[in-house]
Amino acid sequence: MGDYILLAISCILVNNIVLAQYLGMCPFLGTSKKMETAIGMAMAVIFVLVLAGSITWLIQAYILKPFGLEYLRTIAFIIVIASLVQFVELFLKKSIPALYKGLGIFLPLITTNCAVMGVCLININEEYTFVQSLVTSFSYAAGFGLVLVLFAGVRERILLARVPKQLEDTAIGLVTAGLFALAFFAFKGMA
Amino acid sequence: MAKTITQEFVKGLWDEIPPFRLVLGLCPTLAVTKSVENGLGMGVAVIFVLVCSNILVSLLRNIIPPKVRIACFIVIIATFVIVVELVMQAYAYPLFLTLGIFIPLIVVNCIVLGRAEAFAYKNGVVRSIVDGLGMGTGFTISLVAISALREVLGNGTFYGMSVFPPAFQPFTFMIEAPGAFVCLGLMLCMMNLAGNK
């Protein structure tokens with residue numbers, strides 16, 4: 001049990017998906033302008049990533065590996081993720097309309113979120129067991145959500161500040177993200 | 001509206017240069033620019049995938065039904081990414097190891113999908129090739145520029161050769177994650193200054 005908690009902490013804080021592994025930058029910068037959209041995106045990523053992480057692990061272990069088809073991994077994973085997102089969208093629309101409304105346009109956007117694909121590949125490369133993969137998928141997604149929501153809070157404040165014209169929008173966003181990364185860098189000392 | 005072939009190429013080099021003007025494909029930009037060698041390798045891989053997928057999408061643009069086009073694009077792109085992956089594994093294994101998961105992640109690089117959707121799906125083959133080449137070259141130039149800055153300051157080397165006297169203290173901040181963000185943000189600011197935006 002302790003191992004899993006350690007693994008979770010390292011995925012959320014030390015090896016944070018956005019600030020230490022550089023994955024999921026596009027939604028990180030794109031959906032962090034408002035707190036509401038940030039929360040929506042964070043929820044959607046957690047939901048899809050846990051599903052995608054477990055399904056791709058099963059596909060790798062029971063289909064690709066036994067038949068020696070590992071070179072097809074990239075195409076298999078992206079198809080799984082794309083169809084999973086579509087399926088989740090339909091399922092939520094029918095059975096949990098409230099959640100579907102809450103996640104809104106962020107569901108389809110997740111297909112091209114490289115954090116999802118990235119975590120699935122990390123799970124395979126690190127040769128995690130199924131339970132470990134579940135833990136990492138959830139904690140990487142939670143780390144993404146945590147940073148996204150924190151960042152959205154800061155960005156809402158930046159809107160009120162006077163920023164040089166050339167630095168507006170994405171440029172100041174990146175510099176702020178750099179400071180965030182510096183803060184998270186301190187967690188490396190824990191590991 | 002009609003642009004000449006040269007204009008299609010040149011727009012990728014300055015007017016719409018990714019990732020500065022089109023803020024797409026940031027993940028590989030930040031992750032692989034620790035050294036010029038990595039940046040260049042990534043750039044070349046992206047050029048190849050971009051040109052090939054543009055050709056195929058543009059050839060098939062009358063056959064692909066609009067409703068499932070995104071899925072078709074992704075499958076086409078994934079095919080070429082696998083080609084790159086296998087070729088790199090065979091001929092540039094050390095580079096393949098350093099770039100790691102960022103090679104398969106070209107599949108979800110917004111630049112490639114974006115050009116398929118915004119350009120190749122609406123234009124002829126020749127134009128699409130030129131567009132892919134221009135955008136890919138622009139992306140490579142950006143990657144090399146960022147990685148040159150980061151490698152020279154953060155490691156004191158350029159393409160593996162040292163450029164400073166041995167007494168130079170490398171500014172390690174630049175090759176770590178925070179440096180990547182700050183460096184890209186400041187370069188974006190420079191681009192805005194130069195373009196008088």
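Is A:Tyr22 buried or exposed? The model is a predicted one, in which local features need pLDDT of at least 70, side-chain atom pairs count only at pLDDT 80 or more, and totals for chains, interfaces and linings use all residues. Residues are numbered from 1 along each chain as its sequence is written, and chains are lettered from A and ligands numbered from 1 in the order in which they are written.

**Exercise 1. Classify A:Tyr22 and describe its backbone.**

Step 1. A residue is buried if 20 or more other C-beta atoms lie within 10 Å of its own, exposed if 12 or fewer, and partly exposed in between, with C-beta atoms placed from the backbone.
Step 2. A:Tyr22 has 25 other C-beta atoms within 10 Å and is therefore buried.
Step 3. Its place is in the loop between helix 1 (2-14) and helix 2 of chain A; helices (H or I, at least four residues) and strands (E, at least two) are DSSP runs, numbered from the N terminus.
Step 4. Phi of A:Tyr22 is positive, about 55°, although the residue is not a glycine. Most residues other than glycine have a negative phi.

**Exercise 2. Describe the side of chain A that touches chain B.**

Step 1. The contact joins 31 residues of chain A to 33 residues of chain B.
Step 2. On chain A, helix 2 (25-30), helix 4 (73-95), helix 7 (114-125) and helix 9 (170-185) each supply at least two residues.
Step 3. Helix 9 of chain A gives the largest share, nine residues.
Step 4. By class, this side of chain A has 24 nonpolar, seven polar and no charged residues. Here Ala, Val, Leu, Ile, Met, Phe, Trp, Tyr, Cys and Pro count as nonpolar, Asp, Glu, Lys and Arg as charged, and the others, Gly among them, as polar.

**Exercise 3. Compare the radius of gyration of chain B with the globule rule.**

Step 1. The radius is taken over C-alpha atoms, and the rule is 2.2 Å times the number of residues to the power 0.38.
Step 2. For 197 residues a compact globule would have a radius near 16 Å; chain B has 18 Å, which agrees.
Step 3. Along the principal axes, the C-alpha atoms of chain B fill a box of roughly 60 × 45 × 25 Å.
Step 4. Chain B has eight helices and two strands, in the sequence pattern α-α-α-α-α-α-α-β-β-α.
Step 5. Buried residues make up 47% of the 197 residues in chain B.

Methods: Two residues are in contact if their C-beta atoms, placed from the backbone, lie within 7 Å.
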